Structure formats: structure tokens, C-alpha cells
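Hi,

Here is the structure I promised to pass on to you. Please have a look at it first, and then read on for what turned up in it.

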Protein chains: 2
Amino acid sequence: MSDSARLDGRRRQASVNDGLILDAARAVFLADPAAPIADVARRAGVGISALYRRYPSKEALLRELTRDGLQRFAAALEAGLADERDAWTAYCATLAAVVEGGSQALAQRLAGTFTPDADLGDLATRADGLYRALHRRVREAGVLRDDVSAADVILLLEVVMLVDLPDSTRIGELRQRYLALVLQSLRAPAAGALPGAAAGGEELAARWQG
Amino acid sequence: MSDSARLDGRRRQASVNDGLILDAARAVFLADPAAPIADVARRAGVGISALYRRYPSKEALLRELTRDGLQRFAAALEAGLADERDAWTAYCATLAAVVEGGSQALAQRLAGTFTPDADLGDLATRADGLYRALHRRVREAGVLRDDVSAADVILLLEVVMLVDLPDSTRIGELRQRYLALVLQSLRAPAAGALPGAAAGGEELAARWQG
DNA sequence: TGAGTAGCGGAATGTTCCGTTCCACTAATG
DNA sequence: CATTAGTGGAACGGAACATTCCGCTACTCA
């Protein structure tokens with residue numbers, strides 16, 4: 001049972017606000033990682049004080065959001081690994097869920113906005129390991145083209161989340177559309193060789209360092 | 001013969017600076033459309049005055065850059081339409097050139113940063129028409145899957161240009177790699193239906209309006 | 001029932017950032 | 001030479017924004 005359902009009166013409203021603020025922050029900073037903190041308050045329908053009562057600084061909020069994003073990302077990957085359907089179906093469903101939730105994109109986009117934190121680095125490593133396990137599974141099932149690296153897919157995921165249209169009410173729909181398109185070309189057998197070298201894990205890891 | 005080759009002394013240096021400044025501005029604003037103008041000057045290796053002698057304001061510079069981007073984009077498309085090789089080869093080569101030059105991405109990313117201008121709207125319309133002609137050609141040759149709209153491809157192109165890695169020296173290579181991947185899934189016959197409705201031209205056009 | 005206070009809204013503050021202007025200097029020009 | 005086009009970069013002014021502060025409300029709990 002959530003805090004907001006368990007409590008009464010003032011404390012209950014505060015607990016509800018916890019959620020409103022996190023939701024608002026997710027939406028605002030996903031759209032624009034450099035957004036002012038006042039936008040978050042406005043979107044949450046609360047004053048600025050309600051924010052500062054919870055987080056000592058903007059940076060702390062960003063760190064918390066990033067942690068939350070990484071955790072959601074990891075959870076989605078774990079769910080994918082536990083999915084008992086055939087490898088390709090499970091893989092597609094997992095990536096669709098990640099795109100839907102925006103968890104990974106949030107984490108990656110916010111990664112540079114605060115001074116790093118060993119703890120977060122560990123979480124990132126863990127999420128990376130989970131994705132690699134999922135990747136290996138599809139690869140070993142022979143349904144993923146073998147010239148695409150895990151880092152390639154992570155980059156592609158991130159970029160799909162960057163599809164944007166001002167004022168559009170169906171961005172999510174378009175993102176799923178383009179994810180589906182990309183997934184089709186990721187599936188074995190490959191239609192043709194790709195130029196350039198695959199992205200390497202180190203290239204991605206660089207983001208989590210100072 | 002260019003001005004810088006025709007002139008001598010002071011005027012010649014000024015003409016060279018024209019080019020340095022435009023090149024620097026392209027690179028800087030492509031990487032970050034909100035970059036300060038001083039970054040452009042630094043990158044061009046000139047002082048701020050050299051910028052303000054040429055453009056009355058930052059907005060004027062951005063407008064000029066956008067115009068330039070749209071013109072390059074249109075030129076690349078015209079070259080593609082004139083390419084006599086088979087439709088698919090010509091199409092791929094054209095999009096690769098557009099990604100390489102970054103012209104379209106520059107224009108799209110800068111589109112919201114200044115008050116619009118009827119003149120630019122016309123240019124955008126022209127470029128759009130050229131792309132649609134190219135699109136129609138590949139489609140009619142039967143090598144482009146028929147559930148993908150012109151606006152879909154424009155959005156995908158833009159997003160491929162957003163692939164980024166801090167400090168990487170091979171971003172261009174990666175972008176070409178992912179463009180190739182996307183192109184494989186754009187080719188007929190389609191591997192499967194796509195979810196969602198195709199992007200419409202109006203959705204894109206909205207960007208060029210105030 | 002009333003003093004005490006958690007929680008809050010939003011104005012005020014201090015600072016950083018950045019577009020633009022200004023001025024002094026250099027060297028081509030005529 | 002005197003003039004001035006072209007320039008580098010410091011100085012200025014204003015906007016944006018994180019953070020702090022203050023006064024208010026309405027729970028809480030004796």
C-alpha cells in the first residue's frame with residue numbers, strides 16, 4: 001500500500017506531492033535536460049518550496065531522477081530476461097517497454113548534468129550487464145544480426161527517444177513506429193553489411209565518468 | 001573564382017574570415033543550437049567584432065545559417081534526382097550525402113531559434129518538394145516500402161544526425177552506420193507492418209511557422 | 001480549543017551567463 | 001602621411017535561474 005493511501009490529511013497531501021513532483025520532473029527533464037526548476041514546480045502544480053523541501057538542490061533532484069531512470073531501465077531488462085516467449089518476441093517487447101517508459105533515455109540524457117557519483121556508476125554498470133545478457137540471448141538464438149553490438153543498440157534506443165515534433169500528441173506512437181523499423185533491420189539474416197565499426201562499450205561508459 | 005582568391009591584403013583577409021566564421025558557426029550550432037556566440041568567434045579564431053561586422057545580431061546569423069543549410073539540402077537533393085544510377089543506389093547515396101553534410105539537421109534544429117521569415121518558409125517548401133520527388137521516384141521503382149511516408153524519412157534523417165558521443169572522433173562514421181541500418185529496413189519488400197500512422201507533411205511543416 | 005508547526009506558495013536575492021556595444025589599435029589605402 | 005576598414009577583446013546591461021526567505025494556512029495534538 002502506498003504512503004498516499006495509508007496516510008491522512010497534511011501528510012497525505014505531502015506524500016501525493018512526492019509523486020507529482022517526480023512525475024513532473026521526469027516529463028520536464030526528459031523533454032529538456034536544461035529546463036529550469038520552476039518548470040517542474042509549475043507542471044507539478046506546486047510551489048518551488050515544495051521542491052526544495054524534498055531535494056536540497058537541483059543537482060540532487062537530477063541525481064535522484066537518474067537513479068530512478070536507471071532502476072526502471074534495469075527492471076524492464078530483468079522482466080525481458082524473464083520473458084518466456086521466443087527470444088525475438090521477448091526482445092522486441094522489452095525494447096518497446098523501454099522506449100515507452102523513457103527510462104533509459106532519461107538516464108542517458110541526464111548523465112552529464114551533475115557531478116558523477118560512484119553509486120550511480122555501479123547502477124549503470126549493472127544495467128549495462130543486464131542489457132548485454134539480453135543481447136547475448138537473442139544473438140545466440142540466431143535471430144539478431146551478428147554485426148551489431150550491444151552499444152550500437154543502446155545508441156539507437158537513445159536516438160529513437162529523441163524523435164520529436166512540437167505540440168504533437170502522438171510522439172509516443174511515432175517512436176514505437178521507428179523502433180519497429182529499426183528492429184526489423186536488426187533481425188537476422190542481415191540484408192547487407194554495415195559500414196564503420198560497431199560502437200564499443202567503452203565509448204558509452206565514458207559518459208558516466210567525470 | 002572566390003573573393004578570397006581574387007583580392008589582396010586586408011580585404012582578402014576579411015573575405016577569408018567570412019568563410020571561417022560560417023564554418024565555425026555551422027559546427028558550433030550543429031552541436032548545440034543554444035551555444036553562445038562567443039564560442040563561434042573562438043572556434044573561428046577571430047574576435048567578436050568580426051562577427052558583428054557581418055551580422056547585425058545573433059538571430060541574423062542563425063537565419064543565414066538556416067538558409068544556407070536549406071540550400072545545401074536542396075542542392076544535395078537535386079544532385080540525387082540527377083543521379084542516373086539505379087533508383088535505390090542513387091537514393092542511398094543522396095541520403096548519405098545529406099547526413100555527411102549535416103545540412104538538413106542544421107536547418108531543422110535551428111528552425112525554432114529565430115522569428116520566422118516567409119522567405120525561409122518558401123525555401124523549406126522547395127526542399128520538401130524536392131525530397132518528395134526523390135521519394136516518389138524510389139517508391140515508383142518499387143524498391144521503397146510503401147508504408148513509409150516522406151515525413152517519416154525526414155524525421156529519421158534528423159534523428160540519425162542526433163547520434164552523439166562525447167569526444168568521439170568517429171561520430172560521422174557511426175551516423176553513416178546507423179543510416180545504412182535504417183535504409184535496409186526502408187527497402188522493399190517490407191519485413192513486416194509498422195505500428196502507428198505514418199508521419200504527415202503537415203506535422204513537419206508546423207516547425208516553420210511562428 | 002488553541003498553541004505549535006509541517007508544509008507550502010511565491011516574491012526577493014544574488015549570481016552567472018551572454019548578447020551587444022564600445023574603444024583602442026593595426027595596417028592597408030590613396 | 002592622414003584616413004579608415006577591419007579587428008580583438010574588455011565593459012555593459014539585462015535576462016534567466018538556483019536558492020533563500022517570509023508570511024500564511026490548516027493540521028496536529030495536548
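From the N terminus on, the elements of chain A run α-α-α-α-α-α-α-α-α-α-α, which comes to 11 helices and zero strands. Helices here are DSSP runs of H or I with at least four residues, strands are runs of E with at least two, and both are numbered from the N terminus.

Please keep in mind that this is a predicted model, in which local features need pLDDT of at least 70 and side-chain atom pairs count only at pLDDT 80 or more, while totals for chains, interfaces and linings use all residues. Residues are numbered from 1 along each chain as its sequence is written, with chains lettered from A and ligands numbered from 1 in the order in which they are written.

The C-alpha trace of chain A spans about 60 × 35 × 35 Å along its principal axes. Of the 210 residues in chain A, 35% are buried (20 or more other C-beta atoms within 10 Å of the residue's own; 12 or fewer is exposed, in between is partly exposed, and C-beta atoms are placed from the backbone).

Chain A is divided into domain 1 (1-54) and domain 2 (67-208), with bounds from an automatic or database domain assignment. Their C-alpha centres lie 28 Å apart. Four residues from domain 1 of chain A and six residues from domain 2 of chain A take part in the contact, where two residues count as touching if their C-beta atoms, placed from the backbone, lie within 7 Å.

Now to the pair of chains. Chain A can be laid on chain B by a turn of 180° and a shift of 0.0 Å along the axis, with an RMSD of 0.1 Å; this is the relation of a two-fold axis. The superposition is by least squares on the C-alpha atoms of residues with pLDDT of at least 70 in both copies. In chain A, the C-alpha nearest the axis belongs to A:S185, 2.5 Å from it. The same surface serves both copies, as 100% of the contact residues of chain A recur in chain B.

That contact takes 29 residues from each of chain A and chain B. On the side of chain A, α9 (150-160) and α10 (171-186) each supply at least two residues, and the largest share, 10 residues, comes from α10(A). By class, this side has 17 nonpolar, six polar and six charged residues (Ala, Val, Leu, Ile, Met, Phe, Trp, Tyr, Cys and Pro are nonpolar, Asp, Glu, Lys and Arg charged, and the others, Gly among them, polar).

UniProt, in an unreviewed entry, places the feature "DNA-binding region" at residues 36-55 of chain A; its positions are given in the numbering used here, feature names are shortened, and annotations may be inferred rather than shown by experiment. Over residues 36-55, chain A is 75% helix and 0% strand, and the end C-alpha atoms are 15 Å apart.

Enjoy exploring!
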